Amino acid sequence: MTTQYPERPLLPAPPPPGAILILACGNDLRGDDALGARFVAEIERQKQTLPPAWRDAIVTHWQLQWGPETALLLANRHTVCFVDAYAPNGIEASPHGAERAAAPPFVVTRLEPPDGTLAPLLASVGTHQVSPIALLAAARLLGLALPASLWQIAIRGEHFTLGAPLSALASRALAETLTWFWPWLVGEIPICTNGTITLN
C-alpha cells in the first residue's frame, strides 16, 4: 500500500547540490531493522515530486552497518541525518510491557561535533557498527570539515527477527517520521535548540 503524505506548499530556495545527506543503516532482512532502508526508499520516492534543484540537493545512502569508510560521505555536506531503527530500552518490546505504549514513534537528536581528544571515540571504531559520533570523530581525523547541521533520527521498531516482515507498529512509526520530516527539512517546523525532539 502506498502511503500518502500531505501536499507540500511552495518550497524555499534549495541548498546546493548534495548539501543534504540522509545516511541510514539497518539490516533489511531482520524485520524492523529495515526501517533505515525503508526511510531512504521513501525519501527517494517522495523527492521525485520535488523541483529538480531540490532533488539534486538531497542525497541518500543506506548500508547494513556504518563502517569507518562511511566518514568520507560526510565531506562537503551542510546537513546530515543519521537514520536507524530503535527498540525501547534497547531490546525488543514485550507484547504487554508498559514501554510499548510509552515509547515515541521517533526521536530526533541534534548531534554536536566531538571536541577535545578523539582517542576514546576512535577506540570504538572497528570494521562494523560505527556510531554517528565515532563517524564524526573519524571525519575530523581525516581533516574533513564537519557539516554544520547534524541530526540522528531513531525510528521505533519492535521485532528484529531474521526473516520477519516490517511490523505494523514500525510501519506507522515510519509514516509518522516521514510526515514530520519533510516540513522540518524545508524549515516549516523550527529546528529544535534543546537537542532532542520526541514526538508521541
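**A helix and its surroundings**

Helix α6, residues 168-185, comprises 18 residues and reaches 26 Å from its first C-alpha to its last, close to the 26 Å expected at 1.5 Å a residue. The expected span is 1.5 Å times one less than the number of residues in the helix. Helices (H or I, at least four residues) and strands (E, at least two) are DSSP runs, numbered from the N terminus. The model is predicted: local features need pLDDT of at least 70 and side-chain atom pairs count only at pLDDT 80 or more, whereas totals for chains, interfaces and linings use all residues. Residues are numbered from 1 along each chain as its sequence is written, and side-chain values use heavy atoms, with hydrogens and water left out.

Because 13 of its 18 residues are buried, α6 is largely enclosed by the rest of the structure. Buried means under 20% relative accessible area, exposed over 50%, and partly exposed in between (1.4 Å probe, protein chains only). Ser171 is located in α6 and counts as partly exposed, at 34% relative accessibility. Just after α6, Gly187 takes a positive phi of about 90°.

Two packed helices are described by the angle between their axes and the distance between the axes. Helix α1 (residues 35-47) packs against α6 at an angle of about 45°, with the axes 11 Å apart. Axes are lines fitted to C-alpha atoms, for helices over the stretch in contact, and angles run from 0 to 180 degrees between N-to-C directions. The angle makes α1 oblique to α6; under 35 degrees counts as roughly parallel, over 145 as roughly antiparallel, 65 to 115 as roughly perpendicular and the rest as oblique.

Which residues of α1 and α6 make the contact? From α1 come Leu35, Arg38, Phe39, Glu42, Ile43, Gln46 and Lys47, and from α6 come Ala170, Leu174, Thr177, Leu178, Phe181 and Trp182. Contact means heavy atoms within 4.5 Å.

The buried residues of α1 include Leu35, Phe39, Ile43 and Lys47. Among the elements that cover the buried residues of α1 are β1 (20-25), α2 (52-57), β5 (149-156) and α6.

Elsewhere, Asn76 lies in the loop between β2 (58-63) and β3 (79-86). At 73% relative accessibility, Asn76 counts as exposed. Phi of Asn76 is near 65°, a positive value in a residue other than glycine. Most residues other than glycine have a negative phi.
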